[in-house]
Amino acid sequence: MMSMNREIENIRKEISEHESNRAFREKGYPPVFVADERAKILVVGHAPGIKAQERELAWGDASGERLIKWMGIDEKTFRDSSKIALVPMDFYYQGKGKSGDNPPRKDFAPLWHPRLLDCMPHLKLIILAGQYAQKYYLGKDAKKNLTETVRTFQDYLPRFFPIVHPSPLNFRWLGKNPWFEEDVVPVLRKTVNNILK
């Protein structure tokens with residue numbers, strides 16, 4: 001029987017070779033994600049930023065630095081694929097839009113996420129960073145907007161933990177919603193720590 005990690009690498013190859021990703025493949029960009037059959041926590045974000053894509057490192061930017069801080073772990077733990085998987089809604093940078101990076105492609109996650117999740121049977125928690133991840137994974141259970149979904153994060157535990165995206169561009173939201181770092185982040189840290197200890 002094929003190991004799950006071998007299947008993950010087969011999926012990675014399929015993603016790279018898929019016709020919809022030809023432009024990225026021709027530029028030499030691999031799909032940016034981390035998955036491992038032993039992972040206990042999965043973080044789902046939007047898509048890699050340009051810096052993360054160029055470094056070929058998931059969350060390899062300022063957003064990742066803040067996420068690590070919110071999770072209450074160190075960089076070494078965050079990069080340990082046997083503990084934490086990093087699978088964004090799109091595995092390639094989609095370019096700049098009017099207010100930050102363009103959104104992930106709508107048809108991308110449905111094509112690859114179910115297969116990757118099947119390869120990670122030990123997941124105890126899926127952290128949904130931002131509205132795209134929340135809309136996809138929570139569907140009709142998501143509240144009317146991101147703020148309300150994040151405010152009622154307890155409703156989605158123990159499987160999901162919705163948070164605001166840690167992008168530096170969200171400084172206004174964080175300023176208007178101090179309860180997030182005061183009340184939600186401590187619970188996130190405790191939840192992560194209890195799973196990884």
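A: What follows starts with the sheet and moves out to rings and charges.

This is a predicted model, in which local features need pLDDT of at least 70, side-chain atom pairs count only at pLDDT 80 or more, and totals for chains, interfaces and linings use all residues. Residues are numbered from 1 along each chain as its sequence is written, and side-chain values use heavy atoms, with hydrogens and water left out.

The sheet is open and has four strands, in the order S2-S1-S5-S6, with parallel pairing. Strands (E, at least two residues) and helices (H or I, at least four) are DSSP runs, numbered from the N terminus. Two strands pair if DSSP finds at least two bridges between them. Strand S2 (84-86) and strand S6 (160-163) are the edges; each has a single partner strand, so one side of each lacks a neighbour in the sheet. On average, neighbouring strands are turned by 20° against each other, direction ignored. Axes here are lines fitted to C-alpha atoms, for helices over the stretch in contact; angles run from 0 to 180 degrees between N-to-C directions.

Strand S1 (residues 41-44) pairs with S2 in the parallel sense, over three bridges. Leucine 42 has alanine 85 in S2 as its bridge partner.

Two helices meet this sheet. Helix H4 (residues 62-71) lies across S1, S2, strand S5 (125-129) and S6, and runs at about 140° to S1. Helix H7 (residues 131-138) packs on the sheet and touches S1, S5 and S6; its direction makes about 130° with that of S5. Contact means heavy atoms within 4.5 Å.

Now the rings. Rings of Phe, Tyr and Trp (its six-membered ring) pair if their centres lie within 6.5 Å; planes under 30 degrees apart count as stacked, over 60 as edge-to-face and the rest as tilted. The count is eleven aromatic pairs. Tryptophan 70 and phenylalanine 180 have ring centres 4.9 Å apart and planes at 70°, so they are edge-to-face. This pair links distant parts of the chain: tryptophan 70 sits in helix H4, phenylalanine 180 in helix H10 (residues 179-196), 110 residues apart. Both tryptophan 70 and phenylalanine 180 are buried. Buried means under 20% relative accessible area, exposed over 50%, and partly exposed in between (1.4 Å probe, protein chains only).

Phenylalanine 153 and phenylalanine 161 are stacked, at 4.8 Å centre to centre with 15° between the planes. Phenylalanine 153 has 5% relative accessibility, so it counts as buried. Phenylalanine 161 has 0%, so it is buried too. Elsewhere, Phe24, Phe33, Phe91, Tyr92 and Phe108 form one aromatic cluster. Arginine 12 lies over the face of phenylalanine 33, at 4.0 Å from the ring centre. The rule for a charge over a ring is NZ of Lys or CZ of Arg within 6 Å of the ring centre and within 35 degrees of the ring normal.

Last, the charges. A salt bridge is a side-chain nitrogen of Lys or Arg within 4 Å of a carboxyl oxygen of Asp or Glu. The count is twelve. Among them, arginine 115 and glutamate 14 have their closest N and O atoms 2.9 Å apart. Arginine 115 is in helix H6 (residues 108-118) and glutamate 14 in helix H1, 101 residues apart. Arginine 115 is partly exposed at 29%, as is glutamate 14 at 35%.
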